Structures are given as C-alpha cells and as structure tokens.
Amino acid sequence: MVKRFFERFYIGLILVFLYAPIIILIVLSFNSSKSRSKWGGFTLHWYKELFKNQSIMNALYTTLIIAFLSALIATIIGTAAAIAINSMKKTPRTIMIAITNIPMLNADIVTGISLMLLFVALRYTLGFTSVLISHITFNIPYVILSVMPKLKQLNPHTYEAALDLGASPVYAFFRVILPDIFPGVFTGFFLAFTMSLDDFVITHFTKGPSINTLSTKIYTEVRKGIKPEIYALSTLMFITVLLLLIIINRRSADKKEPVRRL
Amino acid sequence: MKKLLAISALLIVMVLLAGCSDNGGEKVYVYNWGEYLDYETLELFKERTGITVVYEEFVQNEDMYPKVESEAVIYDVVCPSDYMIQKMIENDLLYAPNFDNIPNIKYIDETYLKSSEEFDPGNKYSVPYCWGTLGILYNKTMVDEPIDSWGVLFDEKYSGEILMIDSVRDAFAIALKYLGYDLNSTNEAELEEAKALLKKQYPLVQAYVVDEVRDKMIGGEAAIGVIYSGEAIYTSRENPDLEYVVPKEGSNVWIDGWVIPKNSKNKENAEAFINFMCDPEIALMNFNYITYSTPNSGAWNLIEDEAVKNSPVAFPPQDILDRCTAYRYLGEEVEANYIQKWYEAKGE
C-alpha cells in the first residue's frame, strides 16, 4: 500500500517538475498584465496581438522552413552517406564515423563560431542561406546515426538478389533497400527537424540581418522583457504538438489491434 | 517516390530563391537593441523616403561589437551605448557623418550633446537616441523612511531585501559614487575600497539580477532594487507602491546613440535614417513604445500626458543630471581589472 503511494507520489513529482513551467506559461498567456508576478485579469489580447505581429510571425515561418528544409536535405545527404560508409572497409569506416561524430560531440558554440568564420573567410554574406547551410551541416551526423543501425540489420543478399533478377541499381535501391531502412530514415528526419527547431547558438552566429528564428527573436527581447505574445505562441505550439502526439499514438494503437485479433 | 523527390526539389528551389530574394531599390541596414523602437516607424520611413530598412537586433553591446568588427555583416546604422561608442571610435570603426544631412539634430537637447562629449568628444560620431539614469527602486510600504542614498544598499537592516545589479560597471559605479569617487576611476586604491564594500554587501543581497528586478519588485519580493529609469516608469505603473530615486551621491547617466560604421555601403541612407529618427513625431512614437527617456526636446514638447511630461523619473531636473556621469571606456586592461575585482567581491 505504502509502496504504491510512494511510487505514485514519485511519478507525480516528476510530472510536476516537467510540466509546471509549461502550465505557468499557458496561464500567463491569458494574463492581461505584462508582469510575471501580477495577475491582471483574463484576456485573449495577446493571441490577437501575436497574429498581428509581423516580426514574430516571420520568425515562426523562418524557423519552420529552415527546420523542414534542412532536415529534408540532411536526410537525403545523410542516407546516401550512411550507405556509402556502410560499404567501406573497416579502417576507412571507423575514421569516417569518428569524423561524423565530431559535430555532435562538439559544443554548439564551437560549431557556430567556426561556421561564421568560414563564411567570413569565403566572403559569403550571412543571410537565410548561410543559416540553412549551417543547419544542414549539423543535422547530417544525426541522420547518419539513425540510418546506420538499420543498414546493419539489412540482409545483404536481398540487394544482390534484386540485381540478379534484372533490376537496375537505382530501381533496386528504391524498391528493396529504402523500404527496409525507411524507419531509420524517418527517425533521422524527425531528429534533424527537432535539432534544427531547437537550435539557438549556431543560428545566432550564422544569421544575416533581418533573418530571425524564434529562438533568436526571443533572445533579443530579453533586455526589455519577453513579450506575452511569445507566451501565446508557445502555448499554441505546445497544444499542436500534444494533439499530434495523441493522434499518432491513437493510430499506432489502432494498427496493433487487427494483428492481435487474428 | 520520384514524385516526392521532384516536389521536394521544386520546394527547395522555390524557397532558396525566396530566401535570397531582393526587392531591389535603396536599402539601409540597421542594427539596434531588441524592442528598441516602434516598428511602425520603419514602415513610415519606407513610405517617406522609399528606402527599405533591413532591421536586426542585438542584446548586449558585447554581442554587437564582434559582428561589426569582423565585418561578417556590413551595417549602415548601429545603436551602441556610450562606452561602446568610445571603444569603436578608438578602434577606428566609425564614420563621422555629414551633419548637414541630419538637420533634425537641432531637436536634440544641448544637455545630452554635452554629456555625450564624455565618450564622443566634439559629438563627431554619434547622435543620442535614448538615455536614462541608474537609480534605486524601492517599495515605500516595505522601508522605514524615504530613500535618498546608495548607502541603503549596504545597510544591514535591509538584509535579504536587496536586489543588487549584476553588472560590473554599474555595481562599481554605485560603490565608487557612494565612497565619493569618480565612477570612471582607474585608481587602484579606490577600486580596492569599492571592491571591499561590495564584498561586505554580498551576504545582504537577496539576488544579483538585471532584468528580473522588474518582476521581483512588482511582486513585492524585495524592498529595494537597482534599476534603470526607463524600466522604473513601467514598474511604477504596474505597482504604485514603487518609487524611483537617483541618490544624492550621484549616479550614472547612460546614453545610447546612433553611429555609422566605417565600412557602411549606404552612408547617405544611414544619415537619412538617423535624421528621420530625430524627427520629433517619430521620436515621440518611439518614446511611447519603449518608455525610455528621449533626448529629443521636440518630442518632449509633443508629449500629451502631463504626468509623464513632468515625471522626475523620465525627465529629471537639471540638479539631478548634474550629479550623473556617463561611462568612459577604460581600455582592455582596466576593464579586465574591474571584472576580476567584481568576481572577487561576489566570492566567485
């Protein structure tokens, strides 16, 4: 009895620590006073202001576009790289994997500053594209990391069999290999998407004027106080992700049912 | 699969083109503090002059400086603080604008031009944009008597109720002024005395804060805090028990001003932008948005709310200004010395 209580209490405590800040954020998004410590009354004002605020909306679009594009391109490059690395001999493969792991192990700030210095040295003007290139760069290792295990699990003979049966290498790749490694590719894509959404330091050093992602936009508001429109935006993002997760989990649960009945 | 790739490729091309799209026409690259002007003024500027403002924001002078110095991005107009302007002048990073193209400078009050000479001798490089004082914000229901001295920050009877500012120059300015010295002091003995005072203060402090002081004071978490005058207006509105005072020993007056980097590619557009910012109506719009004091006397005349216009917080009388000094850039060695002493005072 007591043990049960402590188990529940412990889990409750963890959940409180995880979600208390988010709950407070959601509550404050309806607060008509800008201050974090004073409740001024319920209002939807900040939500309306959010959609009118051009700079925050632009930051949101930029964040989503960069996250999507960099994840997509990094997935393509990363998958190709993983396949190549997989068919290397042992020594070159170990070296390549070590090199690939460096951006992940490095502190973000090292990657950010070195990329900025590279762009300056090449006289490449910082702007949207420089941020995109930087995001692709730090995303590729994560994709490679996600795809490699799936490649290892692959039966090496199915590809040969497909070739024997008359498929061209490209056809064999798309029809035989890709479907098998697809979960890894998918995971890699989402991992890259999340890392890109989350990033602040690298974007901060490689962005050009008037390019802002949400993280850099929020950072610039620190001196004067973060605007409540950001609370509204965060609440909306949180609810969106929550709904998506619920839908996805429902779907997987439904998929499992038919197998059990049989 | 192929269709998916084709569509993605198309998307990529479209977005890359959109990402580096160019509307052509005249541009001016402006680098300013976050939330430091009314964004509508940028639209108005485009309407009146046809010049598009490419706007970027920074959070600290120290973030801005390497970006300008490394020429990673070429800016046309930047808004640094007083000591940073001096550092940029000394490192030959600035262009002295042609003030014939900035006729609206006549609206900037003489007092602030004179204060600016502390860091920009002859007012050759900068045009004041916003200014303020450093002072004490206190909750009148939580203190025994009205405050008028920096001494209250070191007073044991307010132990645990003090919010000290977490900024090297500001902390030393307070200590030095309280001890009767110049806040731009480079005298080792004076600095050691200030450091000792700050070290004695350490156990009395509830927290070292910069921005959090606003919410903490509004929420009544502490009786006394250090704050800039611009924030004091906002906090007093939210909590009428809060009062702001510039202590009798004197304080710091800070000025943020517009400058033009030397490598700017659109110097005339930059001058037009600065001129536009000095227009009284535009300065008034910005003042209403950021609530930091404006040095623009034309804008001051246009303020409608009498309480704000005569507020001793936003527009203190001359005798208060006379005892406030602006920061000077003291050079890398001295700055490092200050930082070292600050860490020692906080026991780090």
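This is a predicted model: local features need pLDDT of at least 70, side-chain atom pairs count only at pLDDT 80 or more; totals for chains, interfaces and linings use all residues.
Local features are taken at pLDDT of at least 70 and side-chain atom pairs at pLDDT 80 or more, whereas totals for chains, interfaces and linings use all residues. Residues are numbered from 1 along each chain as its sequence is written, and chains are lettered from A, with ligands numbered from 1, in the order in which they are written.

User: Which helix of chain A gives the most to the side of chain A that touches chain B?

Analyst: Counting two residues as in contact if their C-beta atoms, placed from the backbone, lie within 7 Å, the contact takes 27 residues from chain A and 27 residues from chain B. Helices (DSSP runs of H or I, at least four residues) and strands (runs of E, at least two) are numbered from the N terminus; helix 3 (54-86), helix 5 (108-121), helix 6 (128-153) and helix 10 (214-220) of chain A each supply at least two residues to this side. The helix of chain A that gives the most, with 5 residues, is helix 3.

User: How does the radius of gyration of chain B compare with the globule rule for 348 residues?

Analyst: Chain B contains 15 helices and 12 strands. The radius of gyration is taken over C-alpha atoms, and the globule rule is 2.2 Å times the number of residues to the power 0.38. Chain B is as compact as a globular protein of its length, because the rule gives 20 Å for 348 residues and the radius of gyration is close to that, at 22 Å.

User: Which element of chain B gives the most to the side of domain 1 that touches domain 2?

Analyst: With bounds from an automatic or database domain assignment, chain B has domain 1 (25-131 + 254-315) and domain 2 (132-253 + 325-345), and their C-alpha centres lie 27 Å apart. In chain B, 17 residues of domain 1 are in contact with 13 residues of domain 2. Helix 4 (82-90), strand 5 (127-139) and strand 10 (251-258) of chain B give two or more residues to the domain 1 side, and the element that gives the most, with 5 residues, is helix 4.

User: Is B:Thr291, which has a positive phi, buried or exposed?

Analyst: Most residues other than glycine have a negative phi. B:Thr291, in the loop between helix 11 (280-290) and helix 12 (297-302) of chain B, has a positive phi of about 55 degrees although it is not a glycine. With 20 other C-beta atoms within 10 Å, B:Thr291 is buried.

Note on methods. A residue is buried if 20 or more other C-beta atoms lie within 10 Å of its own, exposed if 12 or fewer, and partly exposed in between; C-beta atoms are placed from the backbone.
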